[in-house]
Amino acid sequence: MMPSFAQFGNDLYTGKRSIDFIERRRTWYVIAAVAVLVSLGALGINRLNPGIEFRGGSEFTVSKVATTDQGLARDAVRAIVPNNEPRISSVGDNSVRIQTDQLSDAETEEVQAALAKAYSVPETQVSSSFVGPSWGEDVTNKALTGLAVFLVLVSLVIALYFRTWKMAAAGIVALLHDLLLTVGVYALVGFEVTPATVIGFLTILGYSLYDTVVVFDKVRENTEHVLASTKRTYAEAANLAVNQTLVRSINTSVVALLPVASILFIGAFVLGAGTLKDISLALFVGIAAGTYSSIFIATPLLVTLRSREPEIQQQAARVARRRAEQGDRPEGALVTVGAGEDVQEATVATAAAPTGRPAAPAQRQQPRKGTSRGGRPGNRKR
């Protein structure tokens with residue numbers, strides 16, 4: 001399996017094999033648009049589930065319990081504050097976390113005592129904390145500000161590094177795709193959005209940007225002198241760059257996804273480490289989406305933007321004319337040279353012909369046996 005995969009990657013790099021990502025870019029655009037619409041629909045219907053750090057409220061943690069039955073906590077809270085719907089989650093095998101709306105000091109003490117009685121533990125094993133709504137609002141504003149600053153700086157760096165705003169635009173669109181997709185998954189599964197989730201969002205944006213820049217760097221290398229070439233168009237050179245970096249992108253993503261998947265599926269779901277779900281889900285979805293967007297969105301969108309440039313269109317027309325001429329005279333074909341009785345056979349080497357000129361015929365073959373150069377019969381050896 002490994003040698004065949006390595007050979008497959010080598011064939012993609014050399015161009016012996018090629019997956020036409022660019023030609024099918026409309027298909028990738030449709031898939032991305034559907035994914036984004038589903039994410040926006042999930043946000044509109046389910047909405048995000050903000051953690052207590054963003055919405056404010058009271059939090060209780062009951063530790064060293066014999067059972068993590070969430071119904072006990074729900075009944076205890078409702079007995080004190082009937083109109084308050086608590087959010088309950090298990091932390092490990094012997095702890096329960098209860099989050100409620102803002103409670104008064106008296107209500108906090110009563111809920112703490114009710115939880116201790118419900119789980120048959122001392123009140124010292126029930127901790128409580130309070131987060132004000134102003135603190136959560138401040139965290140939200142700073143998170144949005146950090147995201148906006150990040151996107152602006154990324155746009156400037158890409159535009160300056162690659163000397164074109166179109167690469168920056170394609171990269172930002174890919175980043176926004178990854179962000180919307182990850183947020184949509186959070187809305188669908190109902191995981192809480194905590195400060196750790198925001199850290200995960202920023203981390204995946206950096207990862208996605210890194211993968212996109214690697215592909216763009218190969219695109220720039222392949223298209224550096226493409227305007228003076230008639231061998232391949234800009235779109236074909238960009239497609240070759242995607243193929244050349246495809247195996248590397250897959251390997252990097254797999255290596256990054258394995259530990260994140262172990263944290264998400266084994267740590268969070270099997271072992272019950274609920275505090276790891278928020279950041280691990282963001283990383284898992286974001287890394288996978290970032291790999292997809294760098295291959296199927298960023299580079300195809302770049303080609304779409306640049307294909308409207310007159311220079312790119314003229315170069316593509318020159319390539320088409322050259323191929324049409326070579327199609328009329330394929331390499332190795334035999335054509336006739338001369339007229340009348342001086343008809344000779346020559347081989348045309350069209351591959352070496354300059355653009356816009358007919359290929360030069362190879363050297364004439366020697367006259368047929370029994371015929372002189374002037375076309376008169378000569379002496380034959382018997």
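1. Helices here are DSSP runs of H or I with at least four residues, strands are runs of E with at least two, and both are numbered from the N terminus. S120 has a positive phi of about 55° although it is not a glycine. At 68% relative accessibility, S120 counts as exposed; the cut-offs are under 20% relative accessible area for buried, over 50% for exposed, and partly exposed in between, with a 1.4 Å probe and protein chains only.

2. A word on what you are looking at: this is a predicted model, in which local features need pLDDT of at least 70, side-chain atom pairs count only at pLDDT 80 or more, and totals for chains, interfaces and linings use all residues. Residues are numbered from 1 along each chain as its sequence is written, and side-chain values use heavy atoms, with hydrogens and water left out.

3. R47 also has a positive phi, of about 65°, although R47 is not a glycine. You will find R47 in the loop between helix 2 and strand 1 (49-50). R47 is exposed, its relative accessible area being 60%.

4. Next, look at strand 2. How many of the seven residues of strand 2 are buried? Five are, so strand 2 (residues 57-63) is largely enclosed by the rest of the structure. In general, side chains in a regular strand alternate between the two faces of the sheet.

5. Which strands pair with strand 2? One is strand 5 (residues 126-131), which runs antiparallel to strand 2 and is joined to it by six bridges; pairing requires that DSSP finds at least two bridges between two strands. Here E59 stands opposite S129 in strand 5. Another is strand 4 (residues 95-100), which pairs with strand 2 in the antiparallel sense, again over six bridges. On that side, S58 stands opposite T100 in strand 4.

6. On the surface, V30, V34, V38, L188 and V189 form a nonpolar patch, with about 430 Å² of accessible area together. Patches are made of residues with over 30% relative accessible area and no salt bridge, joining like charges within 9 Å and nonpolar side chains (Val, Leu, Ile, Met, Phe, Trp, Tyr) within 5 Å. A salt bridge is a side-chain nitrogen of Lys or Arg within 4 Å of a carboxyl oxygen of Asp or Glu. Accessible areas come from the Shrake-Rupley method with a 1.4 Å probe, and for residues only the protein chains shown count as cover.

7. Which helix gives the most to the nonpolar patch? Helix 2 does, with three residues; helix 2 (25-45) and helix 7 (165-189) each supply at least two. V38, which lies in helix 2, is partly exposed at 46% relative accessibility. V189 sits in helix 7 and is partly exposed at 45%. V189 and N49 are 140 residues apart along the chain, yet their C-alpha atoms are separated by 9.5 Å.

8. There is a negative surface patch too, formed by D105, E109, E110 and E123. Asp and Glu count as negative and Lys and Arg as positive, with His and the chain ends not counted; each charge is placed at NZ of Lys, CZ of Arg, CG of Asp or CD of Glu. D105 belongs to helix 5 (residues 105-118) and is exposed, with a relative accessible area of 65%.
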